[in-house]
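Hi everyone, thanks for making time. Please have a look at it first.

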Amino acid sequence: MRNLGIIAGKEVRDGLRNRWIVATTLLLAALALTLTFLGSVPTGTVGASRLAVTIVSLSSLTIFLVPLIALLLAYDAVVGEFDRGTLLLLLSYPVARWQVVIGKFLGHLAILAFATVVGYGAAAGALLVADGHVEGLATFAAMIGSSILLGAVFVAIGYFISAIVRDRGLAGGLAIGVWLLFVLIYDMALLGLLVVDKGRVISAGVLDALLLLNPADAFRVLNLTGSGGVSQFAGMAGLSEDAGLSPAVLVGALLLWTVLPLGGAALALGRRQL
Amino acid sequence: MTAVVTLDKVTKRYGKQAAVNDVTLELGGGQCIALVGHNGAGKTTLIKMMLGLTHATSGRIRVLGEDPLSHGGQQARLAIGYLPESVAFPASLTGREMLRFYARLKRRPVSECDPLLARVGLVEAAHKRIGAYSKGMRQRLGLAQALLGSPRLLFLDEPTTGLDPFLRHSFYSIIAELRERGVTAVLSSHALSELETRVDKIVVLHQGKALVTGTLDSLRTMARLPTIFRLRLRNGLAGKVPAIFEGLAASSVAADGAIELSCAADRKMEVLRRAQAIEGLDDIEIMSPSLDQLYASFLQDKQGIA
């Protein structure tokens, strides 16, 4: 356990030093604040609370940005250290290889979590200051939590890529490919499929499964169908009535999406000949 | 003397290519052993296997009594120091931070770090980013991390490449000091002339095979390379080979008039005795075959057989 802490701590220090933490925190905070105030302009004083609107816009921001940041943090983690020769020395120390993978993962996750909490928290804080009171903070906190979980998924996927390929360029390319696939292509393909199918083959159950197969969709369903106000606003009310996916199932799917690639990465590094 | 490292018929193949081929070796405590050979002779692979970084295709390895790939082997690495060939560190951390990180992993107090940095001459650079270090400084930091926690066993892969002569010297004095404390050290090198007086045992590796193993003296005897004498005689006598060396040593006259004698190692003392008796001897130079020459001769033999 101690080794995990030592390795994670080094990763965080590295993140501070090479400005990853500052850059991602500022980026998320800037975008979150922009979305919070610009995003609520068109709604005026409609019934929905400003926070609900913010949750919808920040969820969309998370789906695009958090996986990208996570993959960029992670794709180099193993193959890059291998390339630079730092992994060789680290593994000659009394640490197990899985400890290296998990320790680094925890460090990267901490960086991402810090950026998300501070960045999005800034938006909530600003609303609090502007309106004096805010309803639905619990939903907002859940949104931040699930954003971090989505980050964990993509850090884990990035690690898996990083541990199985031998070339940094290839790892980077695959990471971008994964991002494109899960964030852009998958949904378009799914939408196309539903339009063509018109409910003949794809039942609600199949649709649920398809949504769980993409962590970004699992996150979307989790947040945008969460509470009544949010789902109405997100235009996801119809979907949430159809989908038989409880929050527990969605969180479970995201956890599985984290554990499996991470386990794969640990396994791949364990078998690697240095 | 118990064995610190035992290798029994160890082979490592990458595909069909054998990087290490049937190597059997035993290292006693407190010994300093040199692995000598070309690039690609299997030195680094051998060290990596002893560290459990890569596994042997066949054969048995025990380091400090443990299989390096087992959990026990992982614990045994608490007492092992390793300096890889062309050592690398994350560029964004400072030398001190880096060393402290490694100290924690080895369960050593971080207070051990500053004295170590002083020992390798990195005190002034300790707060600088490693990205700004020169190759020599990185190598010194590499040595510092290898020395963390007074290891019982050291693996140093090409330790002196990139060091200037002064640092090289201080490096070897650190090694000598460790040897006195009973630390076992495995060096790999192709800077053979440096190793001569500094190691107890030499293993010549060629294409993954341990060609010969022994002390420098026993290697000399095995190679049967001649010892060369250069005699400088007073004017008038120059260029004339005294008859007393007939049948004892082959002789020739060098361009500058010095007489060169070449004889087998076991006749060295006899030649020396007779040379001293010569009237008008100004100077005498004795050149034992260097490790470089020995190495070349073993490889030639090898190629002759193959």
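Before I give you a count, here is the term it rests on: a polar contact is a pair of N or O atoms within 3.5 Å, where, within protein, one must be able to donate a hydrogen and the other to accept it, and residues adjacent in sequence count only if both atoms are side-chain atoms. Please also keep in mind that this is a predicted model.

So, how many residue pairs are in polar contact between chain A and chain B? The count is 14, with both residues of a pair at pLDDT 80 or more. As for salt bridges, chain A and chain B have two between them. In one salt bridge, the side chain of Arg17(A) meets that of Glu97(B), at 2.6 Å from N to O.

Now, which parts of chain A face the partner? On the side of chain A that touches chain B, at least two residues come from each of α1 (2-17), α5 (86-91) and α6 (97-131) of chain A. The most come from α1(A), which gives eight residues. By type, that side of chain A has eleven nonpolar, six polar and eight charged residues.

Let's turn to the extent of the contact. Chain A brings 25 residues to it and chain B brings 29. The size of an interface is often given as the accessible area lost when the parts come together. Here, about 2600 Å² is buried between chain A and chain B, and carbon and sulfur atoms give 60% of that. Of the area that chain A buries against chain B, 26% is supplied by Leu89(A), Tyr93(A) and Pro94(A), more than by any other three residues.

Let me move on to the sheet in chain B. It is open, has six strands in the order β5-β6-β7-β3-β8-β9 (chain B), and its pairing is mixed. At the edges sit β5 (80-83) and β9 (209-214) of chain B, each pairing on one side only. On average, neighbouring strands of this sheet are turned by 15 degrees against each other, ignoring direction.

Take one pair of strands: β6 (residues 153-157) and β7 (residues 184-189) of chain B run parallel and are joined by five bridges. Which residue of β7(B) is the bridge partner of Leu154(B)? That is Ala185(B).

Finally, the helices on this sheet. Helix α1 (residues 43-50) of chain B packs on the sheet and touches β3 (32-36), β5, β6, β7 and β8 (201-206) of chain B, with its direction at about 150 degrees to that of β6(B). Helix α6 (residues 165-180) of chain B also packs there, touching β3, β6 and β7 of chain B, and its direction makes about 155 degrees with that of β6(B).

Definitions and conventions:
Residues numbered from 1 in each chain as written. Chains lettered and ligands numbered in written order. Predicted model: local features only at pLDDT ≥ 70, side-chain atom pairs only at ≥ 80, totals over all residues. Heavy atoms only, no water. Pairing = 2+ DSSP bridges. Helix = DSSP H or I, 4+ residues; strand = E, 2+ residues; numbered from the N terminus. Axes fitted to C-alpha atoms, helices over the stretch in contact; angles between N-to-C directions. Contact = heavy atoms within 4.5 Å. Buried area = accessible area lost by both parts, 1.4 Å probe. Salt bridge = Lys/Arg side-chain N within 4 Å of Asp/Glu carboxyl O. Nonpolar A, V, L, I, M, F, W, Y, C, P; charged D, E, K, R; others polar.
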